[in-house]
Amino acid sequence: MNPCIAIIDSNTLAVMGLKEILWELFPDTEILCYGSMDSFFRDCNRNYLYYFVSARMLFENSDEFSMLRDKTIATSAGPLRSLEEAGYRVLDISLPETAIAAEILRLHRESGSELRPRRCDELSAREKDVLAEMVKGLMNKEIANKLNISTPTVIFHRNNICEKLGTRAIGRLTIYAVLEHIVELDEIMNI
């Protein structure tokens, strides 16, 4: 039986975005979405790896999650000191996709989970160099100058990277770069 992740939030767009990021990170994990606590309770006979719960629903149902603090991550548009002080981890979903991806990776590493993400085709050393600069936010010309290569060569490498990894989304590329230790989280957290 595959591990499960629950997303409990009435905001459909937030759920869809978070589900996509989590699915890319853990494709062998079943990601179940619930628009209400009632729908979650009807299907709560599973062993969840994480619970991503909207801050509003967490406040309204704090008793239900008090014993699950280590697996519960509150989602909110901004920091929530009150939940953090109560021992919950908080994911700010108003951040750019890259920052959300980096934060999910940080939270996952802190949890000590043995669940490992999907391995993608191996990148060449130069592609890893280009990818590192891409996820730091550099443009093609800036990457070319920094790596002492031409701009068309950077574009060639970018296209190869995106083809090998099956995505052009910077959040997904960031997830791969961090998990493969091409960049460290602290290098991209303040971008």
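Author: His 181 is placed in the loop between α10 (170–179) and α11 (185–188). Helices (H or I, at least four residues) and strands (E, at least two) are DSSP runs, numbered from the N terminus. This is a predicted model, in which local features need pLDDT of at least 70 and side-chain atom pairs count only at pLDDT 80 or more, while totals for chains, interfaces and linings use all residues. Residues are numbered from 1 along each chain as its sequence is written, and side-chain values use heavy atoms, with hydrogens and water left out.

Reader: Why is His 181 called exposed?

Author: Buried means under 20% relative accessible area, exposed over 50%, and partly exposed in between (1.4 Å probe, protein chains only). His 181 has 53% relative accessibility and therefore counts as exposed. His 181 also has a positive phi of about 60 degrees, although it is not a glycine.

Reader: What makes Asn 148 exposed?

Author: Its relative accessibility is 70%, so Asn 148 falls in the exposed class. Asn 148 sits in the loop between α8 (140–147) and α9 (151–165). Its phi is positive, about 55 degrees, and Asn 148 is not a glycine either.

Reader: Why is Glu 97 called partly exposed?

Author: The relative accessible area of Glu 97 is 33%, so the residue is partly exposed. Glu 97 lies in helix α6.

Reader: Which residues does Glu 97 touch, not counting residues up to four places away in sequence?

Author: With that exclusion, Glu 97 touches Ile 21, Ala 169, Gly 171 and Arg 172. Contact means heavy atoms within 4.5 Å. As for Glu 187, its C-alpha atom is separated from that of Glu 97 by 16 Å, and the two residues are 90 residues apart along the chain.

Reader: What makes a set of residues a nonpolar core?

Author: A nonpolar core is a set of buried Ala, Val, Leu, Ile, Met, Phe, Trp, Tyr and Cys residues joined through side-chain atoms within 4.5 Å. The largest such core has 42 residues, and those with the most contacts inside it are Leu 22, Phe 52, Ile 104, Val 130, Leu 131, Ile 161 and Leu 173. Helix α6 (residues 97–111) supplies the largest share of this core, six residues. A second, separate core of 18 residues includes Cys 4, Tyr 34, Val 53 and Ala 55. In soluble globular proteins, nonpolar side chains tend to be buried together.

Reader: Which residues does Ile 161 touch?

Author: Leaving aside residues up to four places away in sequence, Ile 161 touches Leu 123, Glu 127, Val 130, Leu 131, Met 134 and Leu 173.

Reader: How do you know that Cys 33 is in no disulfide?

Author: A disulfide is a pair of cysteine sulfur atoms within 2.5 Å. The cysteine sulfur nearest to that of Cys 33 belongs to Cys 4 and is 12 Å away, and Cys 33 is in no disulfide. A search of the whole structure finds zero disulfides.

Reader: Are Cys 33 and Cys 162 buried or partly exposed?

Author: Cys 33 has 34% relative accessibility and so counts as partly exposed. Cys 162, with a relative accessible area of 8%, is therefore buried.

Reader: What percentage of the protein chain counts as buried?

Author: Of its 191 residues, 44% count as buried. The protein chain has 11 helices and five strands, and along its principal axes the C-alpha trace spans about 60 × 35 × 30 Å.
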